[in-house]
Amino acid sequence: MTEARGSAGSGGTAHTRYASGTPCWVSLMAHGLTATQDFYSALFGWEFRPGPHQLGPYARALLHGEEVAGIGQLPPDRHLPVAWTPYLASDDVDSTAESVRLCGGTIGVGPLDAGDAGRLAIGSDPVGAVFGLWQAARHLGTGVTGVPGTPAWNELRTFEAAGVVKFYETVFGHERDTGADADHITLKLAGRPVAGIRGMGNTLPRNRGSHWLTSFQVAGADDALRRVRDLGGRVLTPVQDDPRGRVATVADPEGAVFSVIELRG
């Protein structure tokens with residue numbers, strides 16, 4: 001499968017099909033669905049419409065009429081982490097889920113059908129970082145990127161990058177690109193960067209362990225941090241310069257951690 005890309009009416013890049021192994025969707029499971037939607041609507045300008053309810057109440061976030069992310073409601077009796085989860089595209093979720101198991105990962109949910117939208121599974125890699133698998137049918141994934149309010153990057157934060165990269169190479173066919181920093185690896189497909197793995201050593205938050213971190217594009221990082229605070233969220237790391245832009249890590253009012261990035265021109 002190849003990724004078809006075109007020009008979106010909003011000025012971003014429209015996506016019609018994602019290559020297998022490419023992050024194609026991000027989804028948040030939260031306790032207060034309405035309050036969480038209000039936060040992200042005010043921060044990113046998202047609107048919402050109902051999505052498949054196989055895992056409980058769920059809504060898809062839209063920007064300029066394009067679906068960009070999902071937010072679902074955690075069951076009140078389940079004390080699960082409130083976190084953003086990236087989904088990687090798969091041509092055959094059942095086969096990929098089996099590969100995850102054979103390579104030392106686990107599958108906690110599915111594979112199961114999400115109505116006529118597609119087929120999904122949720123699992124974790126050998127270091128415990130949670131991710132989803134998505135086999136598209138009617139719902140192809142994030143409809144547009146490259147504009148404020150859309151996912152810009154996904155990075156696995158773990159103790160040591162070299163210890164888990166082989167899993168992603170084997171399961172998803174990722175190629176590794178290691179620069180001057182051996183503990184900062186870029187995952188590529190057909191030569192194109194699709195995600196990253198950053199080894200953090202002892203700076204990895206002990207209360208989180210290994211985890212995937214999603215970055216959302218914003219027009220201005222400083223303004224985004226002000227709005228996060230005004231809306232009841234928290235700033236976890238201040239704005240820092242990154243090779244891709246100006247980035248900061250924040251948390252929403254329920255504690256879901258994500259990054260905002262002001263991309264370089």
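**Close-up views of a predicted model**

**View 1. Helix α2 passes helix α3 in a right-handed crossing.** A crossing is right-handed if the near helix is turned clockwise from the far one by less than a right angle, and left-handed if anticlockwise. The model is predicted: local features need pLDDT of at least 70, side-chain atom pairs count only at pLDDT 80 or more, and totals for chains, interfaces and linings use all residues. Residues are numbered from 1 along each chain as its sequence is written, and side-chain values use heavy atoms, with hydrogens and water left out. Helix α2 spans residues 93–102 and helix α3 residues 165–172; their axes come within 9 Å and cross at roughly 150°. Axes are lines fitted to C-alpha atoms, for helices over the stretch in contact, and angles run from 0 to 180 degrees between N-to-C directions. α2 and α3 are therefore roughly antiparallel (angles over 145 degrees). Helices are DSSP runs of H or I with at least four residues, strands are E runs with at least two, and both are numbered from the N terminus.

**View 2. Residues of α2 meet residues of α3.** Thr96, Ser99 and Val100 are the α2 side; Phe167, Val171 and Phe172 are the α3 side. Contact means heavy atoms within 4.5 Å. The residues of this contact divide into four nonpolar, two polar and no charged. Here Ala, Val, Leu, Ile, Met, Phe, Trp, Tyr, Cys and Pro count as nonpolar, Asp, Glu, Lys and Arg as charged, and the others, Gly among them, as polar.

**View 3. Helix α3 is mostly covered.** Six of its eight residues are buried, that is, under 20% relative accessible area with a 1.4 Å probe and protein chains only. They are Val165, Phe167, Tyr168, Glu169, Val171 and Phe172. Just after α3, Gly173 takes a positive phi of about 75°.

**View 4. Gln135 sits in strand β10, residues 130–136.** At 24% relative accessibility, Gln135 counts as partly exposed (between 20% and 50%). A polar atom of its side chain lies 2.9 Å from the backbone nitrogen of Val93. Gln135 and Val93 are 42 residues apart in sequence, yet 5.8 Å apart in space, C-alpha to C-alpha. Leaving aside neighbours within four places in sequence, Gln135 also touches other residues, including Ser90, Asp91, Gly118 and Arg119.

**View 5. Gly143 lies in the loop between β10 and β11.** Gly143 counts as buried at 8% relative accessibility. Gly143 and Arg246 are 24 Å apart, C-alpha to C-alpha, and 103 residues apart in sequence.

Note on methods:
A polar contact is a pair of N or O atoms within 3.5 Å; within protein, one must be able to donate a hydrogen and the other to accept it, and residues adjacent in sequence count only if both atoms are side-chain atoms. Angles under 35 degrees count as roughly parallel, over 145 as roughly antiparallel, 65 to 115 as roughly perpendicular and the rest as oblique.
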